[in-house]
Amino acid sequence: QDNKAGSLKINVASGKGKDFATGDAFGDFVAVVAFAQGCDQSRAAADLAAFIGLNLNMSEPVNVAVSAPEAAAEARAIMPVPSTAPKPPLAHPKRGKPSVQHIYRDAEGGLLGYIWRFEAAPPKFPKKDFYPLVLWEDGRETEWRWKSFPTPRPLYGLDLLAEFPDAVVIAVEGEKSAEAGRKLSSGQIFIAWPGGSGAVGTVDFKPLRGRHLVLWADHDEPGIKAMQKVAV
């Protein structure tokens with residue numbers, strides 16, 4: 001789903017890394033497996049242990065026969081989220097509670113998912129980081145996963161676009177900038193998209209067609225290039 005090589009980086013010694021196109025970050029190899037398979041941490045740990053022949057009840061590796069897992073149905077995001085869906089988690093397993101939780105909604109106001117933003121962080125984490133949270137199902141279970149929206153990804157502010165069809169639309173980079181714009185002005189619609197400048201190629205911009213649109217780029221080269229792609 002990435003537009004260029006190099007946006008996904010993982011330290012092969014520690015497992016730490018990040019997919020800069022989606023915002024997904026990894027603190028160890030268990031998190032890498034969870035991201036790749038779209039599953040939770042406990043299942044990822046079990047799969048990883050089986051792969052390397054490690055008995056989780058013993059301190060030493062043992063030789064085991066690992067059979068191929070049964071083919072599971074392809075995972076799909078459930079959007080909008082139904083009222084019968086399980087409640088989303090209250091905290092990230094490693095980062096805790098977010099500084100800000102940005103809620104993505106469709107044109108009818110239905111819940112699509114979240115982007116959790118972390119500002120202050122312990123020394124081992126970046127000062128600023130983002131974690132998408134979307135409801136997924138794979139035929140066996142339905143659960144909230146720290147996994148980005150499927151492509152094409154939704155805009156942040158689809159509900160406002162539908163509510164004010166004649167308003168000027170101002171596209172900015174990042175949900176935080178969109179929220180700041182909304183506080184400063186009540187006459188325009190401020191929208192953004194998940195993933196920032198590196199993920200501009202994964203977004204569905206069709207809802208902006210026919211609108212009076214202003215592109216307000218971040219004051220740097222990636223921000224300007226991102227808005228140039230939006231304009232096309």
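Trainee: Before we start, what pLDDT do local features need here?
Mentor: This is a predicted model, where side-chain atom pairs count only at pLDDT 80 or more, totals for chains, interfaces and linings use all residues, and local features need pLDDT of at least 70. Residues are numbered from 1 along each chain as its sequence is written, and side-chain values use heavy atoms, with hydrogens and water left out. So the pLDDT asked for is at least 70.

Trainee: OK, the open sheet of 3 strands: in what order do they come?
Mentor: Helices (H or I, at least four residues) and strands (E, at least two) are DSSP runs, numbered from the N terminus, and two strands pair if DSSP finds at least two bridges between them. Strand 1 and strand 2 (residues 17–19) pair over 3 bridges, with I10 facing G17 as its bridge partner. The pairing in this sheet is antiparallel, and the order is 1-2-3.

Trainee: What angle does helix 1 make with strand 3?
Mentor: Helix 1 (residues 29–37) packs on the sheet and touches strand 1, strand 2 and strand 3; contact means heavy atoms within 4.5 Å. Axes are lines fitted to C-alpha atoms, for helices over the stretch in contact, and angles run from 0 to 180 degrees between N-to-C directions. With strand 3, the helix direction makes about 145°.

Trainee: Which residues of helix 1 are buried?
Mentor: Buried means under 20% relative accessible area, exposed over 50%, and partly exposed in between (1.4 Å probe, protein chains only). The buried residues of helix 1 pack against strand 1, strand 3 and helix 2 (41–52). They are A31, V32, V33 and A34.

Trainee: Is A46 buried or partly exposed?
Mentor: A46 sits in helix 2, and its C-alpha is 9.0 Å from that of V30. Its relative accessible area is 37%, so A46 is partly exposed.

Trainee: And S148, is that buried or exposed?
Mentor: S148 lies in the loop between strand 8 (142–145) and helix 3. Its side chain and that of R153 are joined by a polar contact of 3.5 Å (a pair of N or O atoms within 3.5 Å; within protein, one must be able to donate a hydrogen and the other to accept it, and residues adjacent in sequence count only if both atoms are side-chain atoms). With a relative accessible area of 6%, S148 is buried.

Trainee: Which residue in strand 10 stands opposite A171?
Mentor: Strand 9 (residues 168–171) runs parallel to strand 10 (residues 188–191), and 4 bridges join them. In strand 10, the residue opposite A171 is I191.

Trainee: Which residue in strand 11 is the bridge partner of I170?
Mentor: Strand 9 also pairs with strand 11 (residues 213–215), in the parallel sense over 3 bridges. There, the bridge partner of I170 is V214.

Trainee: How many residues has the largest nonpolar core?
Mentor: A nonpolar core is a set of buried Ala, Val, Leu, Ile, Met, Phe, Trp, Tyr and Cys residues joined through side-chain atoms within 4.5 Å. I191 is among those with the most contacts inside the largest one, as are L155 and W193. Strand 9, strand 10 and helix 5 (221–231) are among the elements that each supply at least two residues of this core. The count for the largest core is 30 residues.
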